[in-house]
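Biologist: Before we look at any single element, I would like to learn how such a model is read. Please take me through it feature by feature.

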Amino acid sequence: MRPRQAAKAVVLLVLLLGAALGVYRSARVAGDDDPARRLAAGLRCPACQGESVADSRSPIAAAMREVIADQLQAGHSPAEVRTYLVSRYGAEILAAPPARGWGLLLWLVPALALGIGTGSALRGHRRTRRYRHTPVPATRPAPVRSGTARPEDRTRRAIAAGGIWNAGAVAVLALVGGVAVAAPHLTAVPRPAAAPDPVASADPVLDLLALARTAEGQGRYEAAAQMYRTALAQRPDDEIRLRLAFTLIRTGRSAEAARLAETVLAGRPDAPDALLMLGLAQRDTDPATSTRTLRRFLDRAPGHPAAAEIRRLVEAG
Amino acid sequence: MSHPLRRRPTAGWRPRFRWVPTLALLGIGTLGVTMAVGVTGTVVRSGPPASALGAPAPALTGRSLTGTPVDLADLRGRVVLVNLFASWCGPCRAELPLLVAAQRRWAARDLRVLGLAVRDGETAVRALLAETGATDLTVVPDPTGATAVSWGAAGVPETFLVDDQGRIADRATGPVTAEWLDRRLTRLLGAP
């Protein structure tokens, strides 16, 4: 009997661990601590089938992620952001079905099935166990394998084993219940305790520029250019124009870069950075003009960080 | 106590294990309650979405590509077609000439067409408008798509028909056809 009980304990342990792992993984979104991502993962992408806002590559999902990030940064709670999006798209965008009408049925059926299943499994288990452990007639010798065990011992052990199963079942139920209760609160935990930096949260353009600069640093010039464009659309600023121009030069679109630099020069004819960008943009198409522009740049800003490099370039070409 | 069990298991089963069904019921109860708690945490509010038919149209404000301030609320009293589009969207390209034609056709009835350029660069939008002959459209850039989200848009193209009371009279997800425009606009504005 002992090996069998040990096997049962192992099975129970494996089941418990599996349940714990499963519940943990479904409560936490794929190992992500970012509340914005977790919120997005709980929303269905309105433009696609079976994809969450977090996973979808559709532009509207990207817009929704941006709205989520902005609102969280502005100090709204995840529940408030969710309410906002539900007010825009209806409850259908929630990945979890609503607990009313037919949605309630979706919640109740698995719960009932689990409850009834557990109940009947326990019942069936009990019945066979009782049947098997009905005391053997006194005339029959005890089985050799059970060694010194007497019938009373076996009954006691059987009850103990039954206790393990029951305790296990209760533990699984308690675990599922506990995590289900705790899950909504867990979501709120990773929110930053400190108020978000007012400068950063008040200005999405600054965030966008920081992101673009990061993308540039990683060599993702296309993405950086797109972000600079978006930032420029929100704030027509010379500095952003020149950053975009520099990114465009690096992706080989010097004509567009030259136009941007010219826009800046139209307002500020001697802006050294604009002269620098224009000169660099002209290098591929018109080397002579490029050299002239770069010389103008050197005249205006001999102490510019790029001056030494440009001087070399001009002297070489 | 245990002997009659062989023939009638339920009889002996009862006294000692009657708590098993209770446990199962308790389990169902626990799950029900915990899920209800989990769900109330999830569903905060679910009425009709903001852009449902008959609902007041969400806000649409901004500066158009030509630099003029635009506010949908100022257009109360006029029928407005709000079209969400982008230069990176093929069907939008095909749809823009229809919207321009509708604006011209119902010009005498004061129809306005407002374009919302969703997640797009201004240069690309200008190029698209020039290419499709839609340069007279009033276009408000929505670079992040936040306005599109506030309208509950599923994507582009999407068209909302806002009546003279500022309510959403109709909505088309995906490209509109000339027939769609004709039928809806005739109903609201009369024949052109």
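Biologist: What percentage of the 192 residues of chain B count as buried?

Modeller: A residue is called buried if 20 or more other C-beta atoms lie within 10 Å of its own, exposed if 12 or fewer, and partly exposed in between, with C-beta atoms placed from the backbone. By that count, 42% of the 192 residues of chain B are buried. Bear in mind that this is a predicted model, in which local features need pLDDT of at least 70 and side-chain atom pairs count only at pLDDT 80 or more, while totals for chains, interfaces and linings use all residues. Residues are numbered from 1 along each chain as its sequence is written, and chains are lettered from A and ligands numbered from 1 in the order in which they are written.

Biologist: How many helices and strands are there in chain B?

Modeller: Helices (H or I, at least four residues) and strands (E, at least two) are DSSP runs, numbered from the N terminus. Chain B has 6 helices and 7 strands, and their order from the N terminus is α-α-β-β-β-α-β-α-β-α-β-β-α.

Biologist: Which strands pair with β4(B), and in which sense?

Modeller: Two strands pair if DSSP finds at least two bridges between them. Strand β3 (residues 80-85) of chain B pairs with β4(B) in the parallel sense over 6 bridges, with B:N83 opposite B:G115; strand β5 (residues 138-142) of chain B also pairs with β4(B) in the parallel sense, over 5 bridges, and there B:A117 stands opposite B:P141.

Biologist: Why is β4(B) described as largely enclosed by the rest of the structure?

Modeller: Strand β4 (residues 112-118) of chain B is so described because 6 of its 7 residues are buried.

Biologist: What handedness has the β-α-β unit of β3(B), helix α3 and β4(B)?

Modeller: A crossover is right-handed if, with the strands pointing away from the viewer, the path from the first strand over the helix to the second runs clockwise. The unit of β3(B), helix α3 (residues 90-105) of chain B and β4(B) is right-handed, and β4(B), helix α4 (residues 122-131) of chain B and β5(B) also make a right-handed unit.

Biologist: Turning to chain A, which residues of α11(A) are buried?

Modeller: In α11(A), the buried residues are A:S254, A:A257, A:A258, A:L260, A:A261 and A:V264. Viewed down the axis of α11(A), they fall within an arc of 160 degrees (taken from the directions from the helix axis to the C-beta atoms), so they line one face of the helix. On the other side of α11(A), A:A255, A:A266 and A:G267 are exposed.
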